[in-house]
Amino acid sequence: MNSSTNSLDDVSADSSAEFPDRASMMEVRLQAQEDEITLLKSSLADALRRIRLHDQLLPLLKQQLIAVNPAAARVLNQVCCSDGCTSSRKLSSSSAVDGIRQTPPSQVSDIVTNANGHIGSPVSTEPRPRPVTLDRSTQTDPILPGQQAAQDRVPLPRRVQSLHLEDALLPGQPVEGTRAKLHRVPGMEEEDEEQEEDEEAGGEQEKELSWTSSVEEPIQPTTIRGLQREDFQDGSCSPEESGSASPSVRSPDQNLSSRCGPLAPIQEVEKTPLVRRNSEKLGNPDRQRKRLDKKAASSANLLTRSPSLENRAKELIASAGSPGSRRGTYSQGQSIKMFIRGRPITMYIPSNIQNYEDLKMEPPSERLELDWVYGYRGRDCRANMYFLPTGEAVYFIACVIVLYHINNRTQRHYRKHTDCVRCLTLHPDKVRVASGQTAGVDKDGKPLQPCVHIWDSTTLVTLQQIGLGTFQRGVGSVAFSFADSGVFLCVIDDSNEHMLSVWDCNKGTKHAEVKSTNEAVFAVEFNPSDSTNIITCGKSHVYFWTLSAGQFTKKQGIFGKYKKPKFIQCFVFSLTGDVLTGDSEGNILTWGKSAADIKTLGKGAKETFQIMRQTRAHEGSVFTLCNLQGGALLSGGGKDRKIIRWSADLAPERECEIPEKFGAVRTIADVDGEELLVGTTRNAILRGTFSDGFVAIVQGHVDEMWGLATHPSQNIFITCGHDRQVCLWNTEEHTVDWSISLEEYGLCADFCPNGSVVSVGLSTGRWMVLDLLTREVVSESTDGNEQLSVMRYSPDGSFLAVGSHDNFIYIYNVTESGRRYTRFGKCNGHSSFITHLDWSKDGKYIMSNSGDYEILYWDIAGGCKLLRNRFESKDREWASYTCVLGFHVMGVWLEGSDGTDINALCRSHSERMVAVADDFCKVHLFQYPCPKLKAPSHKYEGHGSHVTNVCFTHSDSHLLSMGGKDTCILQWKVVGGGAVNSRERLASASSTSTSSPEPATS
């Protein structure tokens, strides 16, 4: 692949080398973030649990105490009043040695916190009648006047540290009911954390502590825990202690028996700290736990103030009920997550899979064999076709060199190149072939070095690999020597200096090398009678090289009185030894050697190469020259598209013009002196004669292709691309049935299930429906003003879904056998452009993917409604599977993929395999389904740029893959395979497999 045709050539070597390091660093960061999110969800769950119990505990505790002893209620009310005072009087650690102060109850204000967590205004604690409630959670008895008066007469000392609950009970009377634990209000945990951090730094800061309670189980006298007003550094306190210390922060999940408060514990109970899930994965568990608890408390405080946030948090907690899932690992919540560019994508596991971890991922039993190559690279390469004595035309496209038998219409393929082939030449023995390729990149992004292959055209065996590690960017031109029967090979690379080198073909060693020019070089040839003479031509130059003792000397052709053309496109040697060049001015120039001009240049003058004759040949450029037996010459024109036969003395004899739709003449190969093969600039190869004209035997697209669809019952398929061509191909005859030109780019297509029409989506939002027989447009419409990315008919043909880059999916009713379309609805919900979509087998639902890696499901029959609960679609069966994101195809993604690495995929009609088109010139064949990451596959090479689309034929006998910039269509034959369908495979793998094998690729 070169810079103009390969989308991967923009990757530099340095960034490619650093890619594995960046990928591993990103993996570590993602893992740490996932652990932190899991811990945060757990903390949020605990916080919300306490919030839900917040409104229940205090009334129940009061009820329990009142039922046992009215004195307990008086003590508890005084404690609440004392807690309310903290809003107006903050207790500082530096004032802990102050004397005991008593505050009259009339001056005590309480901060009222309602059920939603909102803090009300201070209220007076003066006696007021309390209503009797019958609700079980808040049921109370009427308060007697004597009890309220007693409460008013007992002031709460400021310095009281703890009160025993047993002090409020009658001697020997057990406590029955509910056991209460007091917890910090979630919103106050953050202040405690900040106070601890300030104290560690040496600073002092006033903080207030607030408590609330939660009910868990009935209170027993032996297990009643103390309720503390403050925490002390020594972890214990008593009513007699008057010293003050900084509050020590406790985790919300720790037992509160270690705290001291207004009600002291009846007895000490064993402290059992709770270990938070996954905390062992953190470097500093205590610090991480404190930090996450702080976040959880703050979040819980916010949740109490926002019902919408609370609902969202409940969804998070529901998804966090099981241990956090890992990349490609099974989650107990019947779902699994995969990550693309750091974004988690949840896949729900179908019900028929019982043991996800035990699923075996194996390569499919089917394999692919390259059956046919559609296309020819004529648009930007010269001297790219030759005719062999075996009756085969040898040419190239993408990474494949094709040997096409023009009579038998069969193909053989040389596939040893690792990137796009750029040049080709034939050995004097008419058997050996030399071919050069461009530099590319491997699957890890590392650059591949260009080289030249010398191979046998009969056996397709590589005889020699030349120049590996020597050439830069690629190989532009190659030529065998003739005078010595092809001992040497001349190569010009694509570096800035266009290095000219000569190699020993048998040994593979370099004989000589020199910098040729900084200008473009189009052709190189050895002099047929002298292997020490080499000629190169290109932009505004013709160079005559002489090789002697491993050193080159260069002489430039002198144009003299003739106009210097911008480009010298091609040249050949005449029978007399003269050089004939074709240029961009449409002239054929005859070059010869002249004696030194001593009169003008002096005694040191040397012989020069000058123009001996100029012959007007074509309008526009002369793209190619071809020698015929007997000294005749053929020339091919650019602008005028003419082929002219010249006599040995350059007198025109015959001419013809090729059809305009095939473009200009790129190269000519002589078959038998009369019949010719003509390669054109629009990637076609024509066969014919001057008298009978020319017909196309090879055709192809000339620009990037994206649209591909196969017929539902016939062996035909349709393609469209940026060249504005729509072509219908026959997979059996390997020909183009018809081709039409559009006004805009064609980007997607699909056949109606009845097979009579095909719809094509264009780059402007317009789409049209073509009749296959008449090629007429039977319907057309426009949806939006952005390009369309997918067209898909429902299984019964009653609906057509049109996916657009405006983020919408447009649904049409289809009637009259696919010839009438009316708008049914529009699917609105994606936040990025639509990339792929599929219909369910019943034709009621759609699954779609978008550019931001969303997977959405739509109820079409119900009015194009978005199905919010994706879990409900996990068992739905799909008529086709082209979405690149989904549970059944999750295993096709490589670790560290960025979301654009896979351009398309297609499930076979037998539902046994899935083909994948990736961004690295590869076609993969996976087992279907493949729901586990790193699933093994068979990988196939041949394309020279990103593979844009793949599609199985209706009988699954062949797979079609389409390249982007390489303009190549490869037809693969599916071989092997059994008769086990996907459901049987899933069921057997889920129920009988016990281990997952190591992935293996072929």
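Trainee: Which residue lies over the face of Phe623, and at what distance from the ring centre?

Mentor: The model is predicted, and in it Arg666 lies over the face of Phe623, 4.9 Å from the ring centre. Another such case is Arg876, which lies over the face of Tyr845 at 3.7 Å from the ring centre.

Trainee: How many aromatic pairs does the structure hold, and how is a pair of rings described?

Mentor: A pair of aromatic rings is described by the distance of the centres and the angle of the planes. The structure holds 25 aromatic pairs. In one of them, Phe522 and Phe567 have ring centres 5.7 Å apart and planes at 35°, so the pair is tilted.

Trainee: Where do Phe522 and Phe567 lie?

Mentor: Phe522 is in strand β23 (residues 521-527), while Phe567 is in the loop between β26 (551-556) and β27 (568-573), so the pair ties together parts that are 45 residues apart in sequence.

Trainee: Is Phe522 buried or exposed?

Mentor: Phe522 has a relative accessible area of 17%, so it is buried, the cut-off being under 20%. Phe567 has 23% and is therefore partly exposed.

Trainee: How are the planes set in the pair of Tyr940 and Trp972?

Mentor: The planes of Tyr940 and Trp972 stand at 50° with the ring centres 5.6 Å apart, so this pair is tilted. Tyr940 belongs to strand β58 (residues 938-940) and Trp972 to strand β61 (residues 969-976), so parts 32 residues apart in sequence are tied together. Tyr940 is buried at 10% relative accessibility, and Trp972 is buried with a relative accessible area of 1%.

Trainee: Which residues do ring pairs link into a cluster?

Mentor: The cluster consists of Phe544, Phe559, Trp591 and Phe609.

Trainee: Now the strands. In which sense do β32 and β33 pair?

Mentor: In a regular strand the side chains alternate between the two faces of the sheet. Here, β32 (residues 633-637) and β33 (residues 642-646) pair in the antiparallel sense, over four bridges. Leu633 stands opposite Trp646 in β33. The two strands form a hairpin with four residues between them, and Arg641 in the turn has a positive phi of about 55°.

Trainee: Which residue takes a positive phi in the hairpin of β33 and β34?

Mentor: That residue is Leu650, with a phi near 65°, and this hairpin has five residues between the strands. β33 pairs with β34 (residues 652-657) in the antiparallel sense over five bridges, and Lys642 stands opposite Glu657 in β34.

Note on methods
Residues are numbered from 1 along each chain as its sequence is written. This is a predicted model: local features need pLDDT of at least 70, side-chain atom pairs count only at pLDDT 80 or more; totals for chains, interfaces and linings use all residues. Side-chain values use heavy atoms; hydrogens and water are left out. Two strands pair if DSSP finds at least two bridges between them. Rings of Phe, Tyr and Trp (its six-membered ring) pair if their centres lie within 6.5 Å; planes under 30 degrees apart count as stacked, over 60 as edge-to-face and the rest as tilted. Buried means under 20% relative accessible area, exposed over 50%, partly exposed in between (1.4 Å probe, protein chains only). A charge sits over a ring if NZ of Lys or CZ of Arg is within 6 Å of the ring centre and within 35 degrees of the ring normal.
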